[in-house]
Amino acid sequence: MVKMKSKTKWVCQECGYESAGYLGKCPACGEWGSFSEEVTEYGSDVKNSCMPEFINEDKPLSLNEISLGEEIRISSNISELDRVLGGGFVKGSLTLLAGDPGIGKSTLLLQAAGQLCSQDKKVLYISAEESANQLKLRAQRLGVNSDKLYIYPQTLMDKIKSEIEEVKPDFVLLDSIQAVWSQNAAGTIGSITQIRDCCSALMHLSKSKEITIVVVGHVTKDGNIAGPKVLEHMVDTVLQFEGDRYKSYRILRAIKNRFGSTSEIGIFEMLNGGLKEITNPNEMFLNERSQISTPGSAIIVTDDGSRPLLVEIQALVGTSSYPSPRRVTNGVDLSRLHQILAVLEKRVGLNLSKQDVYVNVMGGMEVNEPGADLGIALAVATCASDIVVDSQTIIIGEIGLSGEIHPVENIEKRLNEAIANGFKKAIVPYANHVKSDKIEIVSVKKLMDAIKFSTSVL
Ligand code: TYD
Ligand code: MG
């Protein structure tokens, strides 16, 4: 018998880059101190490769030769989840549900399991973190109960694999990928080699047996999905569950979707009886804001997927006690804020060089689209000058470097949402001018004009 030669390799735990020796900084992803040593059997690199077997054809096919199987969608009966998935789970797909600990991933998964079972689907819930008793208690709290729901507390991938083959479920839900391990792979539980091996086994099962699989993955401190890029590349869909742990609402977004758009978001509220869908988020966001106008607050309407969302931006500007003043954002890209501050200084003449600037998007939302620029600029400008943006005014527009206001997409949809929520006036880019008898439209060419038309002196 030929004895396998064992050797070690150093693997970056962030991106999976492999090296023969220790490296302080990963040449692939730039992370420091991320290498750890893993024992590998000679030749196991190929086995551990993340390339799924179903990809390998013997020869190239002409595009016309390829016959398409039907894409079967299965609704989860949770419309906010279906929306983010692009219309329900695709049969035979592998989805990663990522999020911070305690955000509600297990809750969402168990509620989805309950709904799937009520449609007569056989669901196997593999719990690698919680005992059967704990799950039963949670299921009772959530009102989930079905003969079709099988709970399997197990961490060993090889057993999980054979049980899936035995039970032949329609759905497999695994909580979580970081807590399972495989005898075939080297490394400790949660190491990149283990995660990659387990995920590739699941990928193979989902494709070969047409089982729809959802795995939970935890997010590291800096917001990466632990066991990270490799995992994101391997699965079909990555859903990120986020929100403020100390507030009740949660946002689900697709950051990768092989079967649909990534611009949709789903909104939930965490209550005592589990997650409740929020079908009219605007009502909720606007109820939270204070009814008294204060300097430094502006309401914008963003265009997120199929639903425009009303969001409040708040800014605080104050004299700095630091040599270089602080710029802190929550929900807005920091470099975007720097650019807006530079335009405010140069084109509006607002001197912010000795001021700290804090910008916050209320409701734990993230706003990344350029149409929010004008709202951010007005929140900062009004706070710095102690004036207020009229609370019945909605702000829409992208700011260029010379202080000009660029048009945004889907203006009518955004305005309709503002009208539906009782706004009286809208500041919009000049090129987006539309006529409306339901809302007063003020179209502006320059940032300076927008400040003039949207504010009133305290
Ligand atoms: P959980 O789903 O366990 O989070 P994760 O799997 O992402 O770590 O839920 C986390 C929190 O949600 C928990 O601290 C308590 C709260 N929670 C509720 O408020 N209501 C509920 O019905 C449930 C099940 C949990
Ligand atoms: Mg959990």
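Is Arg-336 buried, partly exposed or exposed, and at what relative accessibility? Arg-336 counts as partly exposed, at 25% relative accessibility. Here buried means under 20% relative accessible area, exposed means over 50%, and partly exposed lies in between (1.4 Å probe, protein chains only).

The model is predicted: local features need pLDDT of at least 70, side-chain atom pairs count only at pLDDT 80 or more, and totals for chains, interfaces and linings use all residues. Residues are numbered from 1 along each chain as its sequence is written, chains are lettered from A and ligands numbered from 1 in the order in which they are written, and side-chain values use heavy atoms, with hydrogens and water left out.

The protein has 458 residues, of which 50% count as buried. Its C-alpha trace spans about 85 × 50 × 50 Å along the principal axes. The protein contains 12 helices and 25 strands. These are DSSP runs, numbered from the N terminus: helices are H or I with at least four residues, strands are E with at least two.

Side chains of opposite charge can pair when their charged atoms come close. The structure holds 10 salt bridges. A salt bridge is a side-chain nitrogen of Lys or Arg within 4 Å of a carboxyl oxygen of Asp or Glu. In one of them, Arg-336 pairs with Asp-373, with 2.7 Å between the closest N and O atoms. Arg-336 belongs to helix 9 (residues 334-348) and Asp-373 to helix 10 (residues 373-385), so the bridge ties together parts 37 residues apart in sequence. Asp-373 is buried, at 1% relative accessibility.

Salt bridges with shared partners join Lys-9, Glu-18 and Arg-196 into one network. Within it, the side chains of Glu-18 and Lys-9 meet at 3.2 Å, N to O. Glu-18 is partly exposed at 32% relative accessibility. Lys-9 is buried, with a relative accessible area of 8%.

A further bridge links Asp-303 and Lys-413, whose closest N and O atoms are 3.5 Å apart. Asp-303 sits in strand 15 (residues 297-304) and Lys-413 in helix 11 (residues 411-420), so this pair ties together parts 110 residues apart in sequence. Asp-303 is buried, with a relative accessible area of 19%. Lys-413 is partly exposed at 32% relative accessibility.

Ile-66 lies in the loop between helix 1 (44-47) and strand 4 (73-74). Ile-66 is partly exposed, at 43% relative accessibility.

The structure holds three cavities of 30 Å³ or more. A cavity is a set of points, on a 1 Å grid over the protein atoms alone, where a 1.4 Å probe fits but cannot get out; lining residues have an atom within 4 Å of a point. Volume is the space filled by probe spheres set on the points. The second largest cavity holds about 70 Å³. Its lining includes Leu-81, Phe-89, Thr-95 and Val-214. Strand 6 (94-99) and helix 3 (105-117) each supply at least two lining residues. Helix 3 gives the most, with four. The lining of this cavity divides into 10 nonpolar residues, one polar and no charged. In this count Ala, Val, Leu, Ile, Met, Phe, Trp, Tyr, Cys and Pro are nonpolar, Asp, Glu, Lys and Arg are charged, and the others, Gly among them, are polar.

Definitions and conventions: 1 Å grid on protein atoms, 1.4 Å probe; cavity = no way out; pocket = protein on both sides within 12 Å on 5 of 7 lines; lining within 4 Å.
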